Amino acid sequence: MPAAVVILAAGSGSRVGAEVNKVLLPLGDAPVLAWSVRAALAVPDVRRVVLVVRPGEEEAVAAAVTPHLGDREVHVVPGGASRHASEWSALRLLAAEIEAGAVDVVAIHDGARPLAGAALFEETIGAARAHGGAIPVVPLPQLLTASATAVPGELAGVQTPQAFRARDLLAAYRRADEEGFEGTDTAACLERYAHLEIAAVPSTPRNLKITFPEDIALADRLSGDSPSRSGWR
């Protein structure tokens, strides 16, 4: 069955010290956002890729990603004032295909995580089909408390792409819209309105999120470490 990938790109460049949206910054041979687009399109059963952008940046995003699409296409929609609103914008676009059964899984990814790679998209989507939902997780062995002591226990960090069965995801967001609920992330909405088993998919710290200036330099170094960019984890 075909899947859809939603890439959230409606952030800014304030914390990274840029005057433009950080997903439009250069990274190796392509803008940051184009790396996620290429990875999503490299997954054989991905039917749709939807980019959620800041209103007014549609043309800039199109110019950034079009040279990297080949013969494929993506859909660009304006985002909302929150992450939840941006996700809802994308789901409304996909609603007809989801209801018709043409899309069975939706993966939601942060455009500021350029190095996820096609393999992680594919594994997360596959796990969502099997279980209902799936999230990439990575061990966090070096967390400290405010008093500089090690945090006890085994902790894990949650990344994206996060994938969910499409009809359950759409139904949850519709109920949230009816009730005026906005979750801080996708999982918060599903926790409130759906009962899905969520599988953990192993990931690595290389799937970093670009937030601060040093993250761009680190991602640039890491992007050259992979022998196969389209399938890199």
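The model is predicted. Its largest nonpolar core has 33 residues, and a second, separate core has 27 residues. Helix H1, residues 32–41, is largely enclosed by the rest of the structure, because nine of its ten residues are buried. In the whole structure, a search finds one aromatic pair.

**Nonpolar cores**

- Within the largest nonpolar core, the residues with the most contacts are Val5, Leu33, Val37, Val49, Leu51 and Ile125.
- At least two residues of this core come from each of the following elements: strand E1 (3–9), H1, strand E4 (46–53), helix H2 (58–65), strand E6 (105–110), helix H4 (118–131) and strand E10 (197–202).
- Helix H4 supplies six residues, the largest share of this core.
- The second core, which is separate and has 27 residues, includes Val103, Leu170, Tyr173 and Ala194.
- In soluble globular proteins, nonpolar side chains tend to be buried together.

**Helix H1 and Val37**

- The buried residues of H1 are Val32, Leu33, Ala34, Trp35, Ser36, Val37, Ala39, Ala40 and Leu41.
- Val37 is located in helix H1 and has a relative accessibility of 1%, so this residue counts as buried.
- When residues up to four places away in sequence are not counted, Val37 touches Ile7, Leu51, Val65, Leu69 and Val74.
- Val37 and Leu51 are 14 residues apart along the chain, and a distance of 8.6 Å separates their C-alpha atoms.

**Contacts of Val49**

- Val49 is also listed among the residues with the most contacts inside the largest nonpolar core.
- With neighbours within four places in sequence left aside, Val49 is in contact with Val5, Ile7, Ala40, Leu41, Val74 and His75.

**Aromatic rings**

- The one aromatic pair found in the whole structure is formed by Phe181 and Tyr193, whose ring centres are 5.8 Å apart.
- The planes of these two rings stand at 75 degrees, and the pair is therefore edge-to-face, since the cut-off for that class is over 60 degrees.
- Phe181 lies in the loop between helix H5 (166–179) and helix H6 (186–193), whereas Tyr193 lies in helix H6, so the pair ties together parts that are twelve residues apart in sequence.
- Tyr193 has a relative accessible area of 10% and is therefore buried.
- Elsewhere, Arg38 lies over the face of Trp35, at 4.9 Å from the ring centre.
- Trp35 is one of the buried residues of H1.

How values were computed: Residues numbered from 1 in each chain as written. Predicted model: local features only at pLDDT ≥ 70, side-chain atom pairs only at ≥ 80, totals over all residues. Heavy atoms only, no water. Phe/Tyr/Trp six-rings, centres within 6.5 Å; stacked < 30°, edge-to-face > 60°. Helix = DSSP H or I, 4+ residues; strand = E, 2+ residues; numbered from the N terminus. Buried < 20%, exposed > 50% of the residue type's maximum accessible area, 1.4 Å probe, protein only. Lys NZ or Arg CZ within 6 Å of the ring centre and 35° of its normal. Contact = heavy atoms within 4.5 Å. Core = buried A, V, L, I, M, F, W, Y, C linked by side-chain atoms within 4.5 Å.
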